[in-house]
Amino acid sequence: MASSIPLYQPTNTLFSNTQVPISSLFVFLQSESLPNLVFFLNSSKVRAVASCGDPVTRLALVLKTEHDPSKLRLVHHHFPCLSLPKLKKHLPRWDFKWRRNLFDHESDLAVNFMEEITSITIQRHVKDIMIWKADPSGVYSTKSAYKLLITPSTPASDVRTSTLPWKMKIPPKAAAFTWRLLKDRLPTRANLIRRSVMGPLPASLVDHFLQFCDGFGAEINHSSWCGWWVALTSTIWQHRNLLIFQDKPFDSLKVMEDALFLAWSWLKARGKVGLAWVFLEGSTRGALYFLYPVPLLEPADPDFYKIGYVRSMRAYGVHFKEGPDGFGVYASKDVEPLRRARVVMEIPLELMLTISKKLPWMFFPDIIPLDHPIFDIINSTNPETDWDLRLACLLLYAFDCEGNFWQLYGDFLPSADECTSLLLASEEELLELQDSDLASTIRKQQQRALEFWESNWHSAAPLKIKRLAHDPQRFAWAVGIAQSRCINMQTRIGALNQEANMLIPYADMLNHSFEPNCFFHWRFKDRMLEVLINAGQRIRKGDEMTVNYMSTQKNDMFMQRYGFSSPVNPWDEIKFSGNARIHLDSFVSIFHISGLPEEYYHNNCLSNAGDSFVDGAVIAAARTLPSWSDGDVPPIPSVERKAAKELQDECQKMLAAFATTSKQDQKLLGSMTDATRTLEAAIKYRLHRKLFMEKVIQALEMYQEQILF
């Protein structure tokens, strides 16, 4: 039954002369003792529906209309046409009183009508109820009527396109816009002409929009991309209306910014996802970035704070949060820039694991007895090269020492499955690096750790040693933790200054950045390590607090020690073998790079607002590209263009030497669901290497275009 025709309303104010589709004329009456249909009379021209109600029953005559045979005219008679059944010995019987004599063609209908209802037993004290049989619950709903009206011949893709906008986690207004767009219901000029409404509108944009939404009809999960598509198309529609009705200029960059902000606002309102920016591909004028959702960071377990706070660790204005890539430190409030550094964390020496770099070995806290076998193992290491092996032994012993802080803190360290250290990588994963030199270096480190474990965790080793690392993977994991979380710093304990390798809890949760906003400071008096915000640094609530792990190091060194890389490492390099050279001063001036080569930085004051092309990769290009400089000799544009073209060709040959392209690597990363962390790190390393080369090619292209000016 159509939602707009209350055929079973118990009131006297029924609609008359109402046009309704044939498929919607279903009236079902049911009582508690009568589960079946009471009456349904069929005729080619007349349909009558009678029901037994209290106090009277109405008769509905339904006639086909002449101008549209697919429509029926419903006429309600506003006077009783059927009286209540008379009772005979407490048994009801039908007693019809027709208000007029029946025509000859209606006699058969009346006979059929009587045959239909004769077998029906009416119970006076049982209340009749209406049942909507299009829904299992028996209750009418718009959804069930909508399903009833959808013909079985509707293609599955059209049905999915109609339902997908309402299933997406976007605002109702955006879902309604998407549905109208996919159904071609937007007020475009074509639609307004079809509805006899003319307006100063351009041609339909629906076909233009639909060519980018194949994911709506595909049987794959494109929910994240569909959300971005909705944000972009709705923003384009809004800017199109501003152009037509308010004569405002159409700015494509403004459209992209508004679409990104709209998508960000939807994700932020949901409270379940955050945002991340990923470099996809570039053009000669600037890099193209895209927005995709990532899981929101969860607050750290309260025990993570408790185990440190009871031991005098303090954090000011920061929160620890955990995400898919591990812990991170984030500002819990806005911090205005000051002329002096500001303390955000204090970690006492008693919580750290500290071992001196040189003989004699000094530990703090001094938790290792002199007669313990682990001291002999540490003493057997090479003082110059084996700092990570010593620190791994100290860490394993701290895990086994009853009541030690690291027994509790170890629960928050990444497990062997979560660790990205390449010491845990398999041979197949090392091949995914597509860097034979780095893979060879990692194999040597793996062999070194294995030989050290075999020489000290042999069958004759004491039980107190065996239980520290029962297999080589456990020891390799400890070495990976020591390498990735160690801080080398000069400390002073009492009157003695010494270089030490330190594992510092809580401070090791600070992630790396090439543009950090924090730094470490050792406070001698109180034997505290302080984490301070850079002087003059503005911090917003929710911003991540970062430090620089290693300065002047390339990506391969970051992979060896930490298991990650970056496409914007300003110290990465490309080894060119040709003789082509470009003019250094011209290159850095075009991209507004200032400072000495060891301290290059992008001068934002000289660049245009919104220019985001120059990043660490361009700064690395200024360092790694073969160049020449002579203050008295100006560059010749034709010679510079030729040299830049040769360097581009050499970069293209390097890219062609890889087994996969950057787009293939991105697609592979997006499709992996159960890959190990080391495999992901290996694929990201080769991807970042290719993205760096592509950025250098783009920079050289821009250099050729602007060298004349």
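In strand β14, Phe327 is the bridge partner of Glu322. The two strands involved, β13 (residues 318-323) and β14, pair in the antiparallel sense over six bridges. Strands of a sheet pair through backbone hydrogen bonds, either parallel or antiparallel.

This is a predicted model, in which local features need pLDDT of at least 70 and side-chain atom pairs count only at pLDDT 80 or more, while totals for chains, interfaces and linings use all residues. Residues are numbered from 1 along each chain as its sequence is written, and side-chain values use heavy atoms, with hydrogens and water left out.

Back to the strands: β11, β13 and β14 form an open, antiparallel sheet, in the order β11-β13-β14. β11 (298-299) and β14 (326-331) stand at the edges with a single partner strand each, so one side of each has no neighbour in the sheet.

**Around strand β22**

Now look at strand β22 (residues 528-533), where six of the six residues are buried. Buried means under 20% relative accessible area, exposed means over 50%, and partly exposed lies in between (1.4 Å probe, protein chains only). Met528, Glu530 and Leu532 point one way from β22, whereas Leu529, Val531 and Ile533 point the other way.

Which strands pair with β22? One is β15 (residues 342-348), which pairs with β22 in the antiparallel sense over six bridges. Along this pairing, Val343 has Leu532 as its bridge partner, and Pro348 has Met528. β15 is itself mostly covered, with five of its seven residues buried. Strand β12 (residues 314-315) also pairs with β15, antiparallel and over two bridges; here Arg314 has Glu346 as its bridge partner.

Strand β21 (residues 518-523) runs antiparallel to β22 too, joined to it by six bridges. In this pairing, Arg523 stands opposite Met528. β21 and β22 form a hairpin with four residues between them, and Arg527 in the turn has a positive phi of about 55°.

**Charged pairs**

Side chains of opposite charge can pair when their charged atoms come close. A salt bridge is a side-chain nitrogen of Lys or Arg within 4 Å of a carboxyl oxygen of Asp or Glu. The structure holds 19 of them, including these:

| Salt bridge | N to O distance |
|---|---|
| Lys254 and Asp258 | 3.4 Å |
| Asp400 and Arg467 | 3.1 Å |
| Arg523 and Glu530 | 2.3 Å |

Where do Lys254 and Asp258 sit? Both are in helix α8 (residues 252-270), four residues apart, and so they are separated by about one helical turn. Lys254 is partly exposed at 39% relative accessibility, and Asp258 is partly exposed at 25%.

The salt bridge between Asp400 and Arg467 spans a stretch of sequence: Asp400 lies in helix α11 (residues 387-400) and Arg467 in the loop between α15 (463-466) and α16 (472-485), so the pair ties together parts that are 67 residues apart in sequence. Asp400 is partly exposed, at 29%.

Is Glu530 buried or exposed? Glu530 is buried, at 6% relative accessibility, whereas its salt-bridge partner Arg523 is partly exposed at 22%. Arg523 and Glu530 also belong to a network of salt bridges that links them with Glu346 and Asp526.

Notes
Pairing = 2+ DSSP bridges.
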